[in-house]
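Please examine the sequence and the structure shown below.

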Amino acid sequence: MTDMLLPSSVTTPTLLFLEPRVPAQLKVQHSSGRPSFWTNRQKIRTPEQFSSTAKELYSTVLNARHLPKGVIMGKLEGKVAVITGGSSGLALESAKRFVEEGAYVFITGRRQEALDEAVKLIGRNVTGVRGDASNLDDLDRLFDTVKREKGKIDVLFASAGKGEAAKLGEITEQHFDAGFDLIVRGTLFTVQKALPLFNDGGSIIMIGSVASVKGFPGFGVYAASKAALRSFARTWLNELKGRKIRVNVLSPGQVDTADSQRLDKETREMFESLIPRGKMGRPEEIAAVALFLASDDSSFVNGVDLAVDGGFSAI
C-alpha cells in the first residue's frame, strides 16, 4: 500500500490517495474494463472502496486521540481487583497503578483511618473494606461487598503480612501463630473464599519475600511463612488449570517505604550495600511488576516466584 499524504498547510484533516500498485495476480477485470481490487478482510474491489475504507480508518485513529475526559484505556480496563493489605506500602502503590490502568479495586486494611486515607489517595474506582485477612468473618464481609457491588473478581492480590524478629530459642507460640495465621492461613482462606467470584482466566498474586531464600537471622518464622506461599502457588496452579487461573508469587527485596525510612543510617547503608545498584527499590517499581502479573502481558507466566530485588537474592 502506498503512503497517505497529509498536507501540512491545511487545518482540516485531508487525505490524498495515490492509486495503489496491485500485483497482476490480484487484478480482475470488471465488465467496465476497470481493474477490481480484493483483500480478504475488507473485501475492497474498487479504488473508491479503498479510499473510503482508508478514510474511515484514519478517522478512527484521529478520534482516538480525543477521548472523552476521564476515559482510561489501560491494561486492566474493565477488570475488578481485590487487594488485601492495600491501605499502605507496596499494595497501596499497586492499587493506585491498577486504577490508572482501568481497574476497579477493593482494598482492605485493619485501621479505618489508614483505609480512608488510602481511598482518598487513590481517588476513584475504589472501595475500602476494613478487615483482618486472618479473620474469616472479615473475609466473608469483604467478598460479600465485592459480590454486591461488582459481582466478579479478575485479579486477587494477597499482600497482607508482616514480619517480626525472633531468633531460635526465643520464639513463642504467640509469635509463631501471629505470623502463620496472617500470612499462611490468611492467604489460603483469602484465595479460597474468592474463588466463587473469580472469572476464568484471572490472576492470583501473592506477596512473598526474598527472606524465604536468604536465611536472615531472627526471621525464621517469617521466612517459612513466605516459603509456604511458593508451595501454594505450585499446587494451586495445577488445581486451577482447568479454569486458566494463573497463580504467581511476587517477592520484593528491600524497598524504600515508610518502614525502611525509619531505619537508622547505618542499617540503610548496610541494606543498600547488598543491592548491586547500591540503592533500594522504589514502590512504583514493585507496582509495575504487580501490574505485569495482573495483566495479560504475563499470560504465559504461571507458578513463578518472581524476585524483584535488584539482584540482591542472586548474589
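## Exposure of a residue

A residue is called buried when its relative accessible area is under 20%, exposed when this area is over 50%, and partly exposed in between. Because its relative accessibility is 38%, Glu284 counts as partly exposed. Glu284 is located in helix 10, which covers residues 283–294.

The position of Glu284 may also be described relative to another part of the chain. Glu284 and Lys96 are 188 residues apart along the chain, and their C-alpha atoms are separated by 9.6 Å.

## The protein as a whole

The model discussed here is predicted. Its secondary structure consists of 10 helices and 9 strands. Of the 315 residues in the protein, 40% are buried.

Among contacts with a separation of 6 or more, 66% are between residues 24 or more positions apart.

Side chains of opposite charge can pair when their charged atoms come close. How many salt bridges does the protein contain by the rule applied here? The count comes to 13.

One of these salt bridges joins Arg243 to Asp200, with 2.8 Å between the closest N and O atoms. The pair links distant parts of the chain, its two members being 43 residues apart. Arg243 belongs to the loop between helix 7 (220–239) and strand 8 (246–252), while Asp200 lies in strand 7, residues 198–207. Are these two residues buried, partly exposed or exposed? Arg243 has a relative accessibility of 26% and therefore counts as partly exposed. Asp200 reaches 55%, so this residue counts as exposed.

Glu285 takes part in a salt bridge with Arg277, in which the closest N and O atoms are 2.9 Å apart. Glu285 also meets Arg282 in a salt bridge, with an N to O distance of 3.4 Å.

Glu285 is partly exposed, since its relative accessible area is 24%. Arg277, at 45% relative accessibility, counts as partly exposed. Arg282 is likewise partly exposed, at 41%.

How values were computed: Residues are numbered from 1 along each chain as its sequence is written. This is a predicted model: local features need pLDDT of at least 70, side-chain atom pairs count only at pLDDT 80 or more; totals for chains, interfaces and linings use all residues. Side-chain values use heavy atoms; hydrogens and water are left out. Helices (H or I, at least four residues) and strands (E, at least two) are DSSP runs, numbered from the N terminus. Buried means under 20% relative accessible area, exposed over 50%, partly exposed in between (1.4 Å probe, protein chains only). Contact means heavy atoms within 4.5 Å. A salt bridge is a side-chain nitrogen of Lys or Arg within 4 Å of a carboxyl oxygen of Asp or Glu.
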